[in-house]
Amino acid sequence: MSTDTTSADKASADKTPAGAAANITKWHSKDGRFRRQASSFRSFVEASPDAAFPAEAGRYHLYVSYACPWAHRTLIVRKLKGLEGVIGVSVVHYLLGPGGWEFASPSEVPGATLDDVNGARYLRELYLKADPEYTARFTVPVLWDKKTGTIVSNESAEIIRMFNTAFNGLVAPEFRDVTFYPADLKEQIDEINGWIYDTVNNGVYKAGFASAQDAYEESCRAVFASLGRIEGILAGSEFLLGARLTEADLRLFTTIVRFDPVYHGHFKCNLGQIATDYPHILRWTREIYQLPGVAETVNMDHIKRHYYMSHTQINPFQIVPLSNGPDLSQPAVKPAGRPY
C-alpha cells in the first residue's frame, strides 16, 4: 500500500454513474475501520529528455479539488516552485456526487473550472481514457500528460516530489534552488512524514469514517497524541525540522487548515482545537499561510461545502457550519524566549 494516497477510501467504483452512486458513501471496511486504497498511476516526470515523461513546459496539466487536502499540497508546491506558467490546472466542483468529481464553470461554482484540456464532464472520464479497463477509484489529484493523453500520476506525495525538482530548468531563476526535500534532511523528512501521515493526515479520516466505536476512539486518540507531539516540536522550532520549510510542513499544513472548521466537528476529532489548545501549531500554520501565494490555494468555501455536503452518511441534511476556524491572516506570533 502506498504511504500516501488521495481522497477517501470507498470501494472500487463501477465505470458507470450508477456504480459510483452505490459506493459513494462506503468509506469503511467490514470491521468498521477506514483503510485507504493505494494510488494506481505511479509514473514520474523527469528532467532528462530521454525519460518516458520528460519535463516540458505546457505538456502537463494538474487536476485538483480545492477541498481535498492531498490535492491541496500539489497546488501549494506548484505555487511555491513558480510552476504556474509551466503546468496548467483545472479545479473540480466541491461536491463529490453520485457521478464522482464533476467539472463546473466558474459562473456555476465560483472557483471551479471546466476541463479545457480534455473536455470531460467528470474526472472519471480521464481515468477511463488513460485505461479503459480501470475499475478503482477516480481521485484527485491527477497529473495529466497532454502529449500522450494519459495519467502520469494520481499520487500526491510523488507529484510534489516531481514539482520539487523535475521542472527546475523551466522555472525562473529565483525558484530553481527552492527545495522542500533537501538531501541532508531526506531521512528525517521521510520519518516524520510516516507517523504524521498515519496518525494525522489519514488519522482524521480513520476517526471520521469509522463505523465502530472502538475504531473511532483508537484513531481519535492517536490524532491528538500526535498533535501533542507536533506541538512540542514546534515549541522549540520554527518548522517541523528546524529553520527550513520542507515538504513535511506542507503535507501537514493542508490537514491543519481543515482541522477546526471540518475535522473537529464533522469527523468527531473533538478532544481539542488548533485555535485554543495548540498555540505553537497555530503560529506555524499562520506562518505558512502567509507565505506568498499560499493563501490563494486555500478555498474554505469549497473545503467546508465538500465535506459537509458530500458525506451525507455523516451529515444527511448537508448543513454547513459557519466558522472557518482561526483567522490565519493574523500575525504569526512567536512566543518570547523561543530559540528560533
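Reader: How do the axes of helix H2 and helix H4 cross, and within what distance do they come?

Author: Keep in mind that this is a predicted model. Helix H2 covers residues 69-80 and helix H4 covers residues 156-165. Their axes come within 9 Å and cross at roughly 5°.

Reader: Are H2 and H4 roughly parallel or roughly antiparallel?

Author: Angles under 35 degrees count as roughly parallel. H2 and H4 are therefore roughly parallel to each other.

Reader: Which residues make the contact?

Author: H2 contributes Trp70, Arg73, Thr74, Val77 and Arg78. From H4 come Ser156, Ala157, Ile159, Ile160, Phe163 and Asn164. By class, the residues of this contact are six nonpolar, three polar and two charged.

Reader: Now the annotations. Where does UniProt place the "active site" feature?

Author: An annotation of this kind comes from a record and may be inferred rather than shown by experiment. Here the unreviewed UniProt entry puts "active site" at Cys68 and Tyr205. These positions are spread over 138 residues of sequence, yet they cluster in space, with a largest C-alpha distance of 11.9 Å.

Reader: Where in the fold is Cys68 found, and where does Tyr205 lie?

Author: Cys68 sits in the loop between strand S1 (60-64) and H2. Tyr205 belongs to helix H7, residues 203-208.

Reader: Is Cys68 buried or exposed, and what about Tyr205?

Author: The cut-off for buried is under 20% relative accessible area. Cys68 has 2% relative accessibility, so Cys68 counts as buried. Tyr205 has 3%, so Tyr205 is buried too.

Reader: Which residues carry the "binding site" feature in UniProt?

Author: The unreviewed entry lists Trp101, Arg137, Phe138, Thr139, Val140, Glu155 and Ser156.

Reader: Where is Arg137 found, and is Arg137 buried or exposed?

Author: Look in the loop between helix H3 (124-130) and strand S3 (142-145). Arg137 is buried there, with a relative accessible area of 2%. Phe138 is in the loop between H3 and S3 as well. Phe138 has a relative accessible area of 10%, so Phe138 is also buried.

Reader: Next, the cysteines. How many disulfides does a search of the whole structure find?

Author: A disulfide is a covalent bond between the sulfur atoms of two cysteines. The search of the whole structure finds zero.

Reader: Which helix holds Phe259, and is Phe259 buried or exposed?

Author: Phe259 lies in helix H9, residues 247-263. At 0% relative accessibility, Phe259 is classed as buried.

Definitions and conventions. Residues are numbered from 1 along each chain as its sequence is written. This is a predicted model: local features need pLDDT of at least 70, side-chain atom pairs count only at pLDDT 80 or more; totals for chains, interfaces and linings use all residues. Side-chain values use heavy atoms; hydrogens and water are left out. Axes are lines fitted to C-alpha atoms, for helices over the stretch in contact, and angles run from 0 to 180 degrees between N-to-C directions. Helices (H or I, at least four residues) and strands (E, at least two) are DSSP runs, numbered from the N terminus. Angles under 35 degrees count as roughly parallel, over 145 as roughly antiparallel, 65 to 115 as roughly perpendicular and the rest as oblique. Contact means heavy atoms within 4.5 Å. Ala, Val, Leu, Ile, Met, Phe, Trp, Tyr, Cys and Pro count as nonpolar, Asp, Glu, Lys and Arg as charged, and the others, Gly among them, as polar. Buried means under 20% relative accessible area, exposed over 50%, partly exposed in between (1.4 Å probe, protein chains only). A disulfide is a pair of cysteine sulfur atoms within 2.5 Å.
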